[in-house]
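Dear colleague,

Please find below the structure that I am handing over to you.

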Amino acid sequence: MLKLDRICKTYRTSDVETAALDDVSLEVRAGEFLAIMGPSGCGKSTLLNVLGLIDSPTSGAYWFMGEDVARCSEEQLTLHRRARVGFVFQNFNLIDDLDVAENVEVALLYVGMARAERRSRVAEALERVGLKHREHHMPKQLSGGQQQRVAVARALVTRPKLLLADEPTGNLDSANGDAVLDLLGAINRAGTTIVMVTHSAEHAHRAGRIVHMLDGRVVEDQEIAVAC
Amino acid sequence: MLANYFAAAIRNLLRNRAYTLINLFGLSLGFAAATLIALYARDEFSYDRFIPNHDRIYLVGEVVEPPGRSAMRLSVTSTTDAEALKFAFPEIETATRLAPSGLRLSTKQDNEGAALDSFWADPNFFDVFPLRSIAGDLANALSQPDSLVLTSRAARQLFSREDAVGETVRVGPDAVMRVAAVVENLPSNSHLNCDVFLPGAASFSPLVTLTAEQRQPGALRSENAYTYVRLRGDASIDDVRSRLRAFTDSHVRGDVNGTPIAKSYTFTLTPLADVHLQPRSIGDLKPPVDVRVLHALIGVALLILVVACGNFISMMTARASRRAVEVGVRKAAGATQRQIMIQFMGECLFYGLLALIPAVVAVELVLPAFNGFLRREIAFDYLTEPSLGLGLIGLTVLTGLAAGAYPALYLSRFKPNAVLRGTTLTPQSSRARQSLVVAQFAILIALLVATFTVNRQIHFAIEDRLRLPTDQIYLASPALGCPTSFTDALPTLGRVKAVTCVSGSTLGFDHISVNFISPHGGGNVNGRAAQVDYSFFDVFGIQPIAGRLLSPQFGQDDLLRKDQSTADNPTIVINEAAARALGYSSPAEAVGTFARWQRLSVIDGRLQFRGQSSSKIAAVVPDFSIGSVRDVVGPTAYYIDPTVFSRMVFRFDGGSVQQSLESVRDLWEKHSSSPFQGMFLDQFVNALYEDVLTQSAIFTWFSAVAIVLAALGLLGLAIFTAERRTKEIGLRKVMGARRTDILLFLGWRFARPVLWANLIAWPCAYLVMQRWLQGFAYHTEIGVLTFVIAGALALAIALATVAGHAMLVARAKPMEALRYE
Ligand SMILES: Nc1ncnc2c1ncn2[C@@H]1O[C@H](COP(=O)(O)OP(=O)(O)OP(=O)(O)O)[C@@H](O)[C@H]1O
Ligand SMILES: [Mg+2]
């Protein structure tokens with residue numbers, strides 16, 4: 001479904017040039033649950049952003065669901081990711097000025113959907129993460145775990161083919177983290193491809209495959225027999 | 001989708017309540033001020049457009065440029081011109097005239113009479129100016145020599161009701177006329193200010209008497225009537241204008257020393273709707289508006305909007321970091337940059353509409369006072385007048401778009417990856433925002449300089465230039481004349497420091513010429529003749545620069561009192577302008593020499609130039625005029641000529657002016673049965689500058705609005721910055737900074753843009769105001785101090801707005817500050 005071929009991403013600041021991704025080739029198959037691990041600064045987030053089309057690589061080829069998108073403009077990338085990719089971030093990134101339901105609704109605003117259908121989709125997604133009764137709360141009134149579950153609801157409300165999660169449990173205690181991971185597992189079983197960055201080996205092992213990175217390179221690609 | 005945008009906008013607005021309110025208030029204030037200025041400007045441009053076919057009606061005027069003198073514009077012409085024009089130009093459908101009367105009207109019961117502006121009008125006047133009749137038939141209203149037309153104001157004043165048709169009115173001392181019709185009042189946006197229309201056909205009307213005088217062979221041309229012509233619908237004004245020169249040459253007769261008078265005359269045809277926008281002319285019915293002032297005001301309106309928009313841009317971009325996450329998330333969800341832009345533009349439009357409502361309310365509330373101050377009838381019927389309603393919406397939309405464009409572009413360009421990775425965003429817009437603050441301060445400083453300069457010039461015109469106790473000098477009405485029996489008895493009162501008899505020309509109320517034959521060859525020098533008494537220089541405190549003033553000691557000074565018909569010229573005192581024009585290199589050089597000149601005097605009942613004759617220049621005095629500072633004081637010759645004395649001027653001794661005036665009045669009533677009338681010099685000067693005073697007041701008020709707006713914007717930004725900087729300040733305190741260090745740090749941050757702003761504002765303000773001052777023949781200079789004060793004031797505003805807030809922040813305990821974010 002996703003295929004990276006010799007992808008490089010370099011950041012140029014005034015004096016230094018950082019290679020965040022250095023010749024990465026990687027293939028993600030449909031329906032896979034893939035975990036990315038590696039030390040801080042090794043390029044995990046960068047890889048995820050490239051996969052999710054919110055960043056474009058400096059060089060290399062990227063087939064996104066069968067199309068070469070490496071040279072696409074920002075506008076084209078936007079259209080490609082619309083309704084196909086969902087994001088979950090480490091720091092939740094909920095919009096403070098919108099309540100829970102409205103935050104989830106944001107993901108549906110740009111796919112051209114009638115209001116009534118948006119409503120029912122939002123209700124369904126919140127039901128799924130167990131926060132239906134909190135739909136009119138503001139993000140600040142929720143716990144960290146609840147906020148992350150709202151973020152997951154937002155990511156899955158479009159029924160994306162691909163869900164990208166950047167350290168979704170990084171800011172949560174273990175109980176909340178487990179709950180979010182359970183959710184991701186369920187979503188994956190329902191057919192959504194998931195790529196998740198994590199520092200927790202335990203969480204990584206709930207994925208079907210672990211990719212280890214170091215200094216912008218993929219150093220190990222490990223398939224795991226699904227245990228749970 | 002809209003609901004979602006709306007929720008975000010409203011909650012964001014509420015979250016920064018103080019800042020939002022300040023900006024919305026500022027925007028409202030800006031809209032209100034701009035709307036008022038627009039209404040005012042629209043009113044000024046709307047003059048006389050209510051008259052049907054106004055585009056075919058022209059006021060005939062003259063530009064007279066006698067040799068050696070600067071051109072005079074006149075809005076009056078000779079009473080004979082209307083008929084001649086109609087005869088010479090078949091394009092002219094109708095020509096009609098109006099002549100001021102100055103007669104008092106009274107009903108039989110009340111002998112005092114009412115102060116109404118009455119004009120003699122030709123019978124066809126209402127054909128050209130079809131005013132709405134309230135009672136009576138206008139068609140033949142003025143055709144009888146004893147029937148007149150009142151406006152409803154005049155009717156109310158005379159009869160306390162509008163339907164006064166058939167009533168009789170006493171006109172002047174001995175005529176009685178019948179009211180033929182009552183018409184609606186002329187609106188304030190008309191150059192006409194008539195209350196009463198008298199029948200021009202009456203035998204004693206100047207339209208009749210002056211016409212007869214002017215027709216006499218050798219009569220000197222005089223201008224006393226307003227002449228209007230209406231062209232036929234298919235006529236071309238350019239055709240008419242192109243033949244005006246030839247018309248003038250054949251119509252204006254006579255010559256001075258062999259030069260045809262016609263050469264100095266140019267007729268002008270001003271479309272009715274433009275009459276109010278012309279430069280000032282002698283005889284204007286109402287002071288015209290200075291189009292430059294209008295443009296300046298419109299400029300101020302634009303500046304006000306720019307400043308209000310600036311505040312808005314500051315607010316939106318200052319909040320950018322708070323809304324960055326929103327942009328990132330929306331983009332990640334598939335929003336294009338365009339969609340984000342539309343969202344934020346829409347948000348700004350929404351704020352604009354939100355600000356419009358209080359602005360409209362404010363205009364409604366202020367308009368009555370505004371109208372009262374301007375003596376106008378400006379209406380604000382935005383509901384019934386679609387252009388006004390649409391204009392308001394248009395203004396709002398334009399402002400909203402202008403204010404929203406940059407923030408929307410800036411916000412919509414956020415890269416989702418950078419925002420969402422959670423790296424704290426350092427707003428790189430701070431430079432743009434700094435430039436905005438600098439620009440706003442530059443506007444503020446420039447407006448301060450402009451306002452100071454305008455007010456200084458007004459002060460100069462009214463006070464400094466004359467350097468006279470204007471409240472002690474009294475100009476008696478010309479109706480009183482100048483009886484020596486009265487002036488000789490005055491000193492016994494002991495309350496009058498000096499009294500003098502002068503001609504109207506001396507005070508600039510009319511113009512009598514002198515014609516110098518230049519001693520150094522090269523053409524004549526035409527100037528103003530000022531016929532005065534010995535005490536004139538005393539009354540007006542004029543000291544000679546060189547020589548001696550006129551005095552009874554010298555027989556030649558008083559030549560004309562002894563022999564009115566002499567061909568000799570009396571001794572003269574000239575002003576500096578005349579000394580220069582006559583080619584003397586210094587005032588002292590002129591004194592004692594003999595000037596050869598021609599004097600206008602009454603021969604056979606008509607004003608005519610006498611032959612050349614030489615007389616001694618006794619002294620040179622500084623250029624002096626009680627007239628407008630807009631007009632250059634031309635060459636002037638002062639001499640004693642009792643034959644043209646028309647009024648008395650008193651100077652009181654500095655005691656209680658009212659009491660002195662009373663005793664003079666009492667004495668007058670012993671001498672004469674006519675009422676004692678006149679005005680103080682300060683009243684005259686204030687009336688002279690009435691339009692300038694109004695304009696400067698408007699200008700000052702609206703500049704103040706712009707200044708308040710700039711200060712408000714800065715206050716908002718200060719609150720916001722201080723809020724955001726709480727963490728930084730907390731850290732500094734943890735590192736050991738003292739409160740004074742923090743205050744200095746914040747103060748410097750806000751003082752710096754003001755210093756930059758001065759560099760931009762000073763030269764711009766200097767150039768603009770220098771040009772404005774050039775429009776006055778006599779003006780102040782722009783002092784360095786003006787700039788320093790404006791700059792200092794701006795700095796004070798900046799520091800004051802910041803100081804309060806900075807105090808709070810600087811006082812905060814470091815831990816609280818750190819917890820804040
Ligand atoms: N905008 C940028 N400009 C310059 N360098 C950048 C930028 N973004 C990322 N980098 C650099 O790219 C490298 C990879 O960054 P990335 O965020 O992908 O690391 P990461 O593996 O996600 O780390 P962490 O586990 O700490 O989140 C880092 O060395 C980082 O300094
Ligand atoms: Mg990361």
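This is a predicted model: local features need pLDDT of at least 70, side-chain atom pairs count only at pLDDT 80 or more; totals for chains, interfaces and linings use all residues.

Asn103(A) is found in helix 3 of chain A, residues 100-109; helices here are DSSP runs of H or I with at least four residues, strands are DSSP runs of E with at least two, and both are numbered from the N terminus. With a relative accessible area of 0%, Asn103(A) is buried; buried means under 20% relative accessible area, exposed means over 50%, and partly exposed lies in between, with a 1.4 Å probe and protein chains only. Not counting residues up to four places away in sequence, Asn103(A) touches Leu94(A), Ile95(A), Leu98(A), Pro139(A) and Arg154(A), where contact means heavy atoms within 4.5 Å.

Residues are numbered from 1 along each chain as its sequence is written, chains are lettered from A and ligands numbered from 1 in the order in which they are written, and side-chain values use heavy atoms, with hydrogens and water left out.

I turn next to the interface of the two chains. The contact draws on 30 residues of chain A and 27 residues of chain B. Between them, chain B and chain A bury about 2,500 Å², with 51% of it on carbon and sulfur atoms; buried area is the accessible area (1.4 Å probe) that two parts lose on being put together, summed over both. The rule finds nine residue pairs in polar contact across this interface, both residues being at pLDDT 80 or more. A polar contact is a pair of N or O atoms within 3.5 Å; within protein, one must be able to donate a hydrogen and the other to accept it, and residues adjacent in sequence count only if both atoms are side-chain atoms.

The rule also finds three salt bridges across the interface of chain B and chain A, a salt bridge being a side-chain nitrogen of Lys or Arg within 4 Å of a carboxyl oxygen of Asp or Glu. The side chains of Lys331(B) and Glu74(A) form a salt bridge, at 3.6 Å from N to O. On the side of chain B that touches chain A, the elements giving two or more residues are helix 1 (2-15), helix 10 (320-332), helix 11 (337-374) and helix 13 (416-420) of chain B. Helix 1 of chain B gives the most to that side, with eight residues. By class, the side of chain B that touches chain A has twelve nonpolar, eight polar and seven charged residues; Ala, Val, Leu, Ile, Met, Phe, Trp, Tyr, Cys and Pro count as nonpolar, Asp, Glu, Lys and Arg as charged, and the others, Gly among them, as polar.

Asn4(B) counts as buried, at 1% relative accessibility. Its side chain reaches the backbone oxygen of Glu102(A) at 3.3 Å, and the side chain of Asn4(B) also makes a polar contact with that of Glu105(A), at 3.2 Å. Leaving aside neighbours within four places in sequence, the residues in contact with Asn4(B) include Leu98(A), Val106(A), Leu109(A) and Arg330(B).

In helix 2 of chain A (residues 74-81), the buried residues are Leu77(A), Thr78(A), His80(A) and Arg81(A). These residues lie on the same side of helix 2 of chain A because they cover an arc of only 165° around the axis, the arc being that of the directions from the helix axis to the C-beta atoms. They pack against strand 4 (59-64), strand 5 (67-68) and strand 6 (85-88) of chain A together with helix 10 of chain B.

Ala83(A) is found in the loop between helix 2 and strand 6 of chain A. Although Ala83(A) is not a glycine, its phi is positive, at about 65°. At 30% relative accessibility, Ala83(A) counts as partly exposed.

Finally, some remarks on chain B. Chain B has 27 helices and 26 strands, and 54% of its 821 residues count as buried. Along its principal axes, the C-alpha trace of chain B spans about 105 × 65 × 55 Å.

Yours sincerely
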